[in-house]
Amino acid sequence: MKDFAAIDFETANEFPSSVCSVGVVVVRDGQICDRYYSLIRPEPEYHRWFCDRVHGLSREETDAARVFPDVWAEVSPLVCGLPLVAHNARFDEGCLKAVHRVYCMDYPDYMFYDTLAASRRHFGRSLPNHQLHTVAEACGYILDNHHHALADAEACASIALKLL
């Protein structure tokens, strides 16, 4: 696969609609040609400590952020016509569908590919686990800022270029 958009969401709480940041890396002809990152005011609008501990984002940071429809108005043209790739795509696709529902937005039928599933097929038991940072390293990419949505999307893009 040479044309795709790698995407990663971070959530503020236990609801998949509570996306609080998004990272997107657009790949065309096998080369990264665009990157996008934004904070998002989550819906529902509260943070759980266990989520904040993972990604390091606080309510103070997202209180001033734009709501999802405003952010997606910028992302949608970037990913239009491209398959989406995520590590554990079920999570990111679930977030995207849930937040579209919350805001009563039409959901385009995005085609998702999963680098987690690709890793399990390709590496099998040769890796200690199939977490994003482990798989990225096995593919020659060092993920320095794990759980930052853009850094995770970049790692996912690197994996996809190797495995998909």
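Contact here means heavy atoms within 4.5 Å. What you see is a predicted model, where local features need pLDDT of at least 70, side-chain atom pairs count only at pLDDT 80 or more, and totals for chains, interfaces and linings use all residues. Residues are numbered from 1 along each chain as its sequence is written, and side-chain values use heavy atoms, with hydrogens and water left out.

**View A. Thr115 and its contacts.** Thr115 sits in helix H5 (residues 115–123); helices (H or I, at least four residues) and strands (E, at least two) are DSSP runs, numbered from the N terminus. Leaving aside residues up to four places away in sequence, Thr115 touches Val85, Ala86, His87, Cys156, Ile159, Ala160 and Leu164. Its relative accessibility is 0%, so Thr115 counts as buried (under 20% relative accessible area; exposed is over 50%, partly exposed in between; 1.4 Å probe, protein chains only).

View B. Look for Phe68, Val71, Trp72, Val75, Leu78 and Val79, which are buried in H3. They share one side of H3 because they cover an arc of only 110° around the axis, taken from the directions from the helix axis to the C-beta atoms. Ala73 and Pro77 are exposed on the face turned away from that buried side.

**View C. What H3 packs against, and what follows it.** The buried residues of H3 pack against strands S1 (4–11), S2 (19–28), S3 (31–39) and S4 (84–86), plus helix H4 (89–102). After H3 comes Gly81, with a positive phi near 80°.
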